[in-house]
Amino acid sequence: MEEGRAERRRRTEAPSHSQGGTRRAGVMTDVHRRFLQLLMTHGVLEEWDVRRLQKHCYRVHDRTAAVEELEDFINNINSVLESLYIEIKKGATEDDGRPVYALVNLATTSVSKMASDFAENELDLFRKALELIIDSDTGFASSTNVLNLVDQLKGKKMRKKEAEQVLQKFVQNKWLIEKEGEFTLHSRAILEMEQYIRETYPDAVKICNICHSLLIQGQSCETCGIKMHLPCVAKYFQSSSEPRCPHCNDYWPHEIPEVFDPEKEREAGPSKVSKRSLRSRQH
């Protein structure tokens, strides 16, 4: 029996040569630890920036090693984080489908996870903004409507001027996005809070008919009412000369957005990425 256990340990700890190194599967090196630490400081990053971050960590800690495939690299980190109920989760922006990665806490609801950064009345403001966003047809809540709820907050009283500053903190921490005086959920919030939103707002939650994930922004069929993310709309209808609803087959009256093309993104180079990051957009 002891020999059997020893053999199982040897198999578990056998070196992994699939990425050209001798790192053991499920064991984090300094490269992985630095990557995880930097991702934690950002909260969420687009795939372009994640790949740059990974290469940076290799340059700092292990210049001679071949850069591991990103999917394998992240899976390795997740295998270690699993027991901590933390995961690096991949998603996509709702407006244009850019791949993003976020470090997600699976053990608690995201609102309670935010407790260390925000006071009770600030968290209550976020909950009320979230409810307005979920209940809206567009996936946005106007700043006026959010600020009008300050008198209903739990805990310490908050003036509207203070509430405006708190909302900007939510934007800076990548929980909300502000566009032209309206707020919607950031990709980070969607990735972290999907289960919480499904459980808390079961009657108001919207689900994409194509990918079956939580939908905040999107298009809907005017006949049967099904909803689709904009990137899902783009992919589903990209070769259709006359787009029709996938559910009722009625004509789809909305403008079909462009499909995100990672090859064009790479050709554009980092200058475009840096300019894009300065704009207030979901990522």
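Modeller: When I say residues meet or touch, I mean heavy atoms within 4.5 Å. Keep in mind that this is a predicted model, where local features need pLDDT of at least 70 and side-chain atom pairs count only at pLDDT 80 or more, while totals for chains, interfaces and linings use all residues. Residues are numbered from 1 along each chain as its sequence is written, and side-chain values use heavy atoms, with hydrogens and water left out.

Let's start with the helices (DSSP runs of H or I, at least four residues; strands are E, at least two; both numbered from the N terminus). From α6 (residues 120–135), the axis comes within 13 Å of that of α9 (residues 187–200), crossing at roughly 75 degrees. That puts α6 roughly perpendicular to α9 (65 to 115 degrees). On the α6 side you'll find Phe126, Arg127, Leu130 and Ile134, which meet Met193, Tyr196 and Ile197 of α9. By class, that contact has 6 nonpolar residues, 1 charged and no polar ones.

Now the hairpin. Strands β5 (residues 176–179) and β6 (residues 182–185) run antiparallel, joined by 4 bridges (pairing takes at least two). Leu176 sits opposite Leu185 in β6. There are 2 residues between the strands, and Glu180 has a positive phi near 50 degrees.

Thr184, in β6, is buried, with 0% relative accessible area (buried means under 20%, with a 1.4 Å probe and protein chains only). A polar atom of the Thr184 side chain lies 2.7 Å from the backbone oxygen of Gly139. Leaving out residues up to four places away in sequence, Thr184's neighbours include Ile133, Phe140, Trp175 and Ile216.

Methods
Buried means under 20% relative accessible area, exposed over 50%, partly exposed in between (1.4 Å probe, protein chains only). A polar contact is a pair of N or O atoms within 3.5 Å; within protein, one must be able to donate a hydrogen and the other to accept it, and residues adjacent in sequence count only if both atoms are side-chain atoms. Axes are lines fitted to C-alpha atoms, for helices over the stretch in contact, and angles run from 0 to 180 degrees between N-to-C directions. Angles under 35 degrees count as roughly parallel, over 145 as roughly antiparallel, 65 to 115 as roughly perpendicular and the rest as oblique. Ala, Val, Leu, Ile, Met, Phe, Trp, Tyr, Cys and Pro count as nonpolar, Asp, Glu, Lys and Arg as charged, and the others, Gly among them, as polar.
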